[in-house]
Amino acid sequence: MNCFGSPPGEDVPPRSRRSANNMAANSATPPSDRRFLIFFDFDETIVNESSDDVVVQAAPGQNLPAWLKDTYRPGHYNEYMQRVLAYMAEKGVTESAIRSVIEKIPASPGMQALFQFLRNRPPQDFEVVLVSDANTFFIESWLRRVGARQLFVKIFTNPATFDKDGRLVLRPFHSHSCLRCPENMCKQVILRDYVMRRTQERGRPFQRVFYVGDGANDFCPSLILGPRDTAFARRDYPMHRLITEIHEARPGEFKAVTVPWASGDDVVERLRKHAEEK
């Protein structure tokens, strides 16, 4: 496997059949002088909880009825959350109530220090991108509260906007054929398309690509990282376990350097070493 190419026999999803331009971000092309590209997940990576779980705190009784919970089907979580948000709207849960519980989610340990490190680096060091299976409203609300929105040049996530009736309407990001990922988002497709497009726009590749995540859907994009790249996998979370399993079952297939993290400080330590490279 080379960087952003597929290994022999690997079932890698094709380009999404809907445009990958569904993003909450400025559409302007980022500067072309950045040395490194870093991707972040949101739930349980940037924030220390799942925003989809936290939003239930705004529901009546801070709970969902059993009949609604029973409608969940594996691989169709986006559809399930559409029903959850529709139920909350029917029960009179307001935009301000949803925003309030989302804004209170704590950052993961050391994440604010990691953000500060990235802000303090010379502008030509890091291009920072967020890719998440949460949604635009949750992510934008939280990032703006902590003053971190401007750090990200692009945010790829599921579109979510309030309609005239006050309901938060959630839509899938795209469609794909990856068997590993939920039907509404394959982060490998997003990562590969973005890196290929930016390489063409820049006329050269990034020196290194970094991916910071925690979940099973963060494992899929990490499979196309190359040997100069780094997968920062939250220690003892699904992404870390899946990488460990592939190392044991098929040594040499996973190409990226793996750095388990428990705190953003672990990520800062490794990024600082690379940033000092010439």
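Reader: Is Val 101 buried or exposed?

Author: Some ground rules come first. This is a predicted model, where local features need pLDDT of at least 70, side-chain atom pairs count only at pLDDT 80 or more, and totals for chains, interfaces and linings use all residues. Residues are numbered from 1 along each chain as its sequence is written, and side-chain values use heavy atoms, with hydrogens and water left out. Now burial: buried means under 20% relative accessible area, exposed over 50%, partly exposed in between (1.4 Å probe, protein chains only). Val 101 counts as buried because its relative accessibility is 12%.

Reader: Where is Val 101 found, and what is it in contact with?

Author: Val 101 belongs to helix α4 (residues 95–103). Helices (H or I, at least four residues) and strands (E, at least two) are DSSP runs, numbered from the N terminus. Contact means heavy atoms within 4.5 Å. Leaving aside neighbours within four places in sequence, Val 101 is in contact with Val 54, Val 55, Gln 57 and Ala 58.

Reader: Which residues of the largest nonpolar core touch the most other members?

Author: A nonpolar core is a set of buried Ala, Val, Leu, Ile, Met, Phe, Trp, Tyr and Cys residues joined through side-chain atoms within 4.5 Å. The largest has 55 residues; Phe 40, Ile 46, Phe 126, Trp 142, Phe 152 and Leu 271 touch the most other members. Another core, of 25 residues, lies apart from it and includes Phe 173 and Tyr 211.

Reader: How much space lies in the largest pocket?

Author: Rolling a probe the size of a water molecule over the atoms shows where empty space is left. On a 1 Å grid over the protein atoms alone, a pocket is an open set of points where a 1.4 Å probe fits, with protein on both sides within 12 Å along at least five of seven lines; lining residues have an atom within 4 Å of a point. Grid points are joined across faces, edges and corners, and a volume is the space filled by probe spheres set on the points. Here the largest pocket holds about 470 Å³. Its lining has 26 residues, and Asp 43, Ser 50, Tyr 77, Asp 133 and Asn 217 are the closest to its centre. β2 gives the most to this lining, with 4 residues.

Reader: Which residues does the UniProt annotation "active site" cover?

Author: The unreviewed UniProt entry puts it on Asp 41 and Asp 43. Such annotations, given in the numbering used here with shortened feature names, may be inferred rather than shown by experiment. The lining of the largest pocket takes in Asp 41 and Asp 43. Asp 41 counts as buried, at 4% relative accessibility.
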